[in-house]
Amino acid sequence: MNSATLLTRRQQGSVCHNDMSEIKENGVEATFKNSSKEEDPKVRFKRLYKKAMEMGVSEEDFNKINAIKEIKEAVKTEKYGWVSKLRSVCLKFFILLLLLTSSVIAIFVFQWPVQNTTLVRLWFLFSGSEAGSERVEVCAVDAVDYMAEVFRPPTSCDFCRNVTLVEKLEHVSPEHFEKVYAYSSVPVVITDGTRNWTASKVFSYEFFKTLYSKGSPALQNVEENCQFFPYKTNFSSLEEVFDMDTDRALMKDGSPPWYIGWSNCDLSAANTLRTHYKRPYFLPPVAESSKTDWIFMGSPGYGAHMHIDAVEHPSWQAQITGTKLWTLEPPPECYFQCPKTVQVVVKPGEIIVLDTNRWYHSTLNVGTDISITIGSEYD
């Protein structure tokens with residue numbers, strides 16, 4: 001092959017290449033540019049593909065054309081665009097939820113930037129509840145207990161490691177009680193703890209109904225300034241408890257069981273209560289009892305769910321009438337170092353001493369009589 005022939009063939013190849021570029025640029029590209037932008041991408045692709053095949057464009061070259069790349073990208077965006085939009089919406093919702101949750105935690109735990117009662121009042125305002133109902137609900141909301149548990153610092157397991165049962169003792173000296181039980185968080189039941197008390201002969205549903213009669217200053221003070229625990233009942237206030245029908249109050253057959261608790265912070269009611277009970281004889285002389293009385297009352301078959309308290313000090317609880325089964329559990333961090341469950345039955349006239357800040361506990365009224373207990377913290 002001479003040089004002239006080779007040159008001719010190279011020129012022909014160059015011409016074909018140039019022609020192909022011209023076809024792509026002036027044929028398919030021009031067709032795409034001149035087509036309506038509102039045309040469906042899939043329809044446009046089929047039309048341009050047919051045009052390219054008629055012009056002799058290979059599929060490889062066809063796929064390299066910018067117009068075709070744009071069509072493919074448009075189809076891909078149309079097909080999967082909702083995924084990215086959904087992802088964006090979910091991310092914004094998650095961030096908003098995180099900020100809202102963090103704000104609620106800051107308010108309930110750190111009382112910042114406002115008091116938690118302010119938040120609850122706003123909730124009742126927007127939910128249409130009556131003004132003042134937050135007095136009850138602030139203390140009955142489970143979320144507060146939940147927050148206290150979530151942010152509870154881990155504790156040493158020394159207090160529960162050797163506890164396999166709750167001892168029952170009598171004639172305990174204050175010195176021995178202080179040395180072994182008072183501040184060690186070891187639970188104990190003092191069987192003669194209510195000796196010389198008259199509460200067992202006086203305290204009853206009717207007694208408390210009279211003490212906190214409708215419209216009385218004592219009831220009003222409790223409603224406005226004290227705590228009320230409805231537990232699993234449908235009561236929303238102490239006033240509703242003392243408005244229940246007689247059959248339910250007296251535990252007639254077929255009546256729904258009930259169990260409630262409240263703190264008494266009314267001075268006149270406290271003076272009346274303390275004429276029927278005294279400071280437990282076994283408390284150390286240096287121990288000061290709280291001025292607030294805690295009263296729990298209910299029919300058999302009901303009690304308090306498993307929980308841990310957010311109070312400042314250990315407490316004692318005297319069983320005035322009825323019988324109560326206590327179930328104690330160590331905190332989660334001590335499950336493998338302490339017995340998982342300890343139970344004790346507290347009978348009338350006995351006092352259980354327990355650090356409810358460290359022991360998870362639940363109660364169940366057993367027997368046939370109404371259960372009435374009264375207690376307080378001590379430091």
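Modeller: The face of H8 turned away from its buried side carries Glu175 and Lys179, both exposed. Buried means under 20% relative accessible area, exposed over 50%, and partly exposed in between, with a 1.4 Å probe and protein chains only. Helices (H or I, at least four residues) and strands (E, at least two) are DSSP runs, numbered from the N terminus. This is a predicted model, in which local features need pLDDT of at least 70 and side-chain atom pairs count only at pLDDT 80 or more, while totals for chains, interfaces and linings use all residues. Residues are numbered from 1 along each chain as its sequence is written, and side-chain values use heavy atoms, with hydrogens and water left out.

Biologist: Which residues of H8 are buried, and what puts them on the same side of H8?

Modeller: In H8 (residues 174–182) they are Phe177, Tyr181 and Ala182. They cover an arc of only 75° around the axis, which puts them on the same side of H8. The arc is that of the directions from the helix axis to the C-beta atoms.

Biologist: What covers the buried residues of H8?

Modeller: The cover includes strands E1 (167–169), E2 (188–190) and E9 (351–354). Contact here means heavy atoms within 4.5 Å.

Biologist: How do you know that Cys157 and Cys334 form a disulfide?

Modeller: A disulfide is a pair of cysteine sulfur atoms within 2.5 Å, and the sulfur atoms of Cys157 and Cys334 are 2.0 Å apart. Cys157 lies in the loop between helix H7 (142–150) and E1, and Cys334 in the loop between strands E7 (323–329) and E8 (342–346), so the pair ties together parts that are 177 residues apart in sequence.

Biologist: Why is the disulfide of Cys160 and Cys338 called right-handed?

Modeller: The torsion about its S-S bond is about 65°, so the disulfide of Cys160 and Cys338 is right-handed. For Cys157 and Cys334 the torsion is about -90°, so that disulfide is left-handed.

Biologist: Why is Cys338 called buried, and why does Cys265 count as partly exposed?

Modeller: Cys338 has a relative accessible area of 6%, so it is buried. Cys265 has 33% relative accessibility and therefore counts as partly exposed. Its partner in a disulfide is Cys226, with the sulfur atoms 1.8 Å apart. Cys226 is buried, with a relative accessible area of 6%.

Biologist: What is the pairing, numbering the bonded cysteines of the chain in sequence order?

Modeller: The pairing is 1-5, 2-6, 3-4, for three disulfides in the structure.
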